[in-house]
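Hi,

Here is the structure I promised to pass on. Have a look at it first, and then read on for what turned up.

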Amino acid sequence: MLFRSSLIQSPDFQKTENGRCVLIFSVVSDKQYDKMIEMLCGLPMITDFVITHIPGERGADLEELKDIFDQYADKAKQRIYTYEKIEDALAFGLSVRGDTGKVYIVGSLYLAGIVESSMEDDDDRI
């Protein structure tokens, strides 16, 4: 849990006073994502989880991911949303963060690559 501890202490990974801290998440199906999700749900600064699906056969099942988030998230403080398309998840995450909030892309490098490509296509959303 050293990773979790260092995240919580990082000044760049803190809940903002007025904005939301949004985490966009997806993984490929051959990873042990249940432990990863449990750890992420224990991060108190996260206000919103936006779960999405990596296209193709390797992408983990969206409903299965949501079920695991439902099991571990603090529903009194953390909201859970699902979007089939990564671009829709990104647009939603950016829209709910507010002017002072933050959006984090977590999980698979496939997810990060698709988001990076999408952001390059539309620099106005950053």
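How many aromatic pairs does the structure hold? This is a predicted model, and it holds 4 aromatic pairs. In one of them, the ring centres of phenylalanine 25 and phenylalanine 69 are 5.4 Å apart and the planes stand at 70 degrees; that is over the 60-degree cut-off, so the pair is edge-to-face. Phenylalanine 25 belongs to strand E1 and phenylalanine 69 to helix H3, so this pair ties together parts 44 residues apart in sequence. Phenylalanine 25 is buried, at 0% relative accessibility, and phenylalanine 69 is buried with a relative accessible area of 0%. Phe25 and Phe69 also form one aromatic cluster with Phe49.

Another pair, tyrosine 81 with phenylalanine 92, is tilted, with 4.6 Å from centre to centre and 55 degrees between the planes. Here strand E3 supplies the tyrosine and helix H4 (residues 86-96) the phenylalanine, so parts 11 residues apart in sequence are tied together. Tyrosine 81 is partly exposed at 23% relative accessibility, whereas phenylalanine 92 counts as buried at 17%.

Now for the sheet. Its 4 strands form an open sheet in the order E3-E2-E1-E4, paired in parallel. Strands E3 (79-83) and E4 (102-107) are at the edges with a single partner strand each, so one side of each has no neighbour in the sheet. On average, neighbouring strands are turned by 20 degrees against each other, direction ignored. Helix H2 (residues 33-41) packs on this sheet and touches E1, E2 and E4, while helix H3 (residues 62-72) lies across E1, E2 and E3.

Key. Residues numbered from 1 in each chain as written. Predicted model: local features only at pLDDT ≥ 70, side-chain atom pairs only at ≥ 80, totals over all residues. Heavy atoms only, no water. Pairing = 2+ DSSP bridges. Helix = DSSP H or I, 4+ residues; strand = E, 2+ residues; numbered from the N terminus. Axes fitted to C-alpha atoms, helices over the stretch in contact; angles between N-to-C directions. Contact = heavy atoms within 4.5 Å. Phe/Tyr/Trp six-rings, centres within 6.5 Å; stacked < 30°, edge-to-face > 60°. Buried < 20%, exposed > 50% of the residue type's maximum accessible area, 1.4 Å probe, protein only.
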